[in-house]
Amino acid sequence: MGATGSKLEKALGDQFPEGERYFGLENFGNTCYCNSVLQALYFCVPFREQLLDYYSNSKSIGDAEENLLTCLADLFTQDAHEFLNFLLNELVDILEKEAHAIKSDAESSSPSEKISNGPKTGQANGAQKEPLVTWVHKNFQGLLTNETRCLRCETVTARDETFLDLSLDIEQNSSITSCLKNFSSTETLNAEDKFFCDKCCSLQEAQKRMKIKKPPHILVIHLKRFKYIEQLGRYKKLLYRVVFPLELKLSNTMEDADSEYSLFAVVVHVGSGPNHGHYVSLVKSHNHWLFFDDENVEMIDESVVQTFFGSAQEYSSNTDHGYILFYESIGTGNKS
């Protein structure tokens, strides 16, 4: 932590969490998009435990950080959301491979697995193996259900799909609540977009709606701030003001009772366009908000968070906007 740590300790005084450490991350050449995501995820307890385990196998934190970031820096278009998706999916792949390797070693070394009449085959009655559930799934994975209702026979067809984050379209002077409401709004399928109804055995007009069937423990919301403009032939950053609350209820998308969440981290994009800019992160730890800008860490007041909602006007000097939001389900509490 160095000088940054001593400043935080002085600012918090007796309130500085015992045993806590707040580390900045060095920028190894356009790696701020990696840093901001890692700094936000670090305050998700399961991710922190895995990250510290990775660091413990390196000679030093600096070596581990440089090895991790430099090998990833060239894989992306410096987009924090793209990096987040890659990181979570890569972790799932690694954990699944490790689990399968451990299971294979255990089966090959266990006498009980050796059967005199030949090798063990698939499960009885053609039963499918249960997919491995990793700590990434347990914390970040939710379940969406896509419902389509035929307007002729009223038959509802439902298809479930998993997600690790929700990407929401945004509008000027809106809120996360309204964005979620639009996400789950009803869409009519007609004309060339008619739905093939299995019961009617023909194309029919239908209504389609997406719902959150099972919310995740950690709800990650990606605001779609970069939009392709046909007239310009390129992507443009939407500077829209989108209010994100410190406490969030998923009342517009749930079929059953409301789910309540608390905001604990925000990845912020700084800049007027998608091809240039900078990333920083805001993180809540032990009821204090911290501002992470690569290796720099400082304490901020909670009221500062709302300055990252966006711009109420199309042209503004304020280009610091919330891009990825991290909410934790209320009930278990943020242990970080």
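Four strands, in the order β2-β1-β8-β5, form an open sheet with antiparallel pairing. Helices (H or I, at least four residues) and strands (E, at least two) are DSSP runs, numbered from the N terminus, and two strands pair if DSSP finds at least two bridges between them. The edges of the sheet are β2 (156-163) and β5 (187-189), each with a single partner strand, so one side of each is left without a neighbour in the sheet. From one strand to the next, the twist averages 30 degrees; axes are lines fitted to C-alpha atoms, for helices over the stretch in contact, and angles run from 0 to 180 degrees between N-to-C directions. Within this sheet, strand β1 (residues 142-150) and strand β8 (residues 206-214) run antiparallel and are joined by eight bridges. Leu 144 has Ile 212 in β8 as its bridge partner. Strands of a sheet pair through backbone hydrogen bonds, either parallel or antiparallel.

The structure is a predicted model, in which local features need pLDDT of at least 70 and side-chain atom pairs count only at pLDDT 80 or more, while totals for chains, interfaces and linings use all residues. Residues are numbered from 1 along each chain as its sequence is written, and side-chain values use heavy atoms, with hydrogens and water left out.

The protein chain contains seven helices and 18 strands. It has 336 residues, of which 41% count as buried; buried means under 20% relative accessible area, exposed over 50%, and partly exposed in between (1.4 Å probe, protein chains only). The accessible surface of the protein chain is about 18800 Å², and 47% of this belongs to carbon and sulfur atoms. These areas come from the Shrake-Rupley method with a 1.4 Å probe; for residues, only the protein chains shown count as cover. Among contacts in the protein chain with a separation of 6 or more, 66% are between residues 24 or more positions apart, where contact means heavy atoms within 4.5 Å.

Helix α7 (residues 176-183) has Ile 176, Cys 179 and Leu 180 as its buried residues. They lie on the same side of α7, because they cover an arc of only 100 degrees around the axis; the arc is that of the directions from the helix axis to the C-beta atoms. An α-helix has 3.6 residues a turn, so residues three or four places apart point the same way. The packing partners of the buried residues of α7 are β3 (166-168), β4 (174-175), β9 (218-223), β12 (242-243), β13 (247-249) and β18 (320-329).

Strand β9 pairs with β3 in the parallel sense over three bridges, and Leu 166 stands opposite Ile 221 in β9. Strands β9 and β18 run antiparallel and are joined by five bridges; Ile 218 has Glu 328 in β18 as its bridge partner.

Two loop residues have a positive phi. Most residues other than glycine have a negative phi, and most peptide bonds are trans. Glu 154, which is not a glycine, has a positive phi of about 70 degrees. This residue lies in the loop between β1 and β2 and is partly exposed, with a relative accessible area of 44%. Asn 287 also has a positive phi, near 70 degrees. Its place is in the loop between β15 (276-285) and β16 (288-293), and Asn 287 is exposed, with a relative accessible area of 69%.

The structure holds 10 aromatic pairs. Rings of Phe, Tyr and Trp (its six-membered ring) pair if their centres lie within 6.5 Å; planes under 30 degrees apart count as stacked, over 60 as edge-to-face and the rest as tilted. One of the pairs is formed by Phe 43 and Phe 292, which are tilted, at 5.9 Å centre to centre and 55 degrees between the planes. This pair links distant parts of the chain, with Phe 43 in the loop between α2 (32-41) and α3 (45-56) and Phe 292 in strand β16, 249 residues apart. Phe 43 is buried at 2% relative accessibility, and Phe 292 is buried with a relative accessible area of 1%. Tyr 279 and Tyr 323 form another tilted pair, at 6.1 Å centre to centre and 35 degrees between the planes. Tyr 279 is in strand β15 and Tyr 323 in strand β18, 44 residues apart. At 4% relative accessibility Tyr 279 counts as buried, as does Tyr 323 at 2%. One aromatic cluster is formed by Tyr 22, Tyr 42, Phe 43 and Phe 292.
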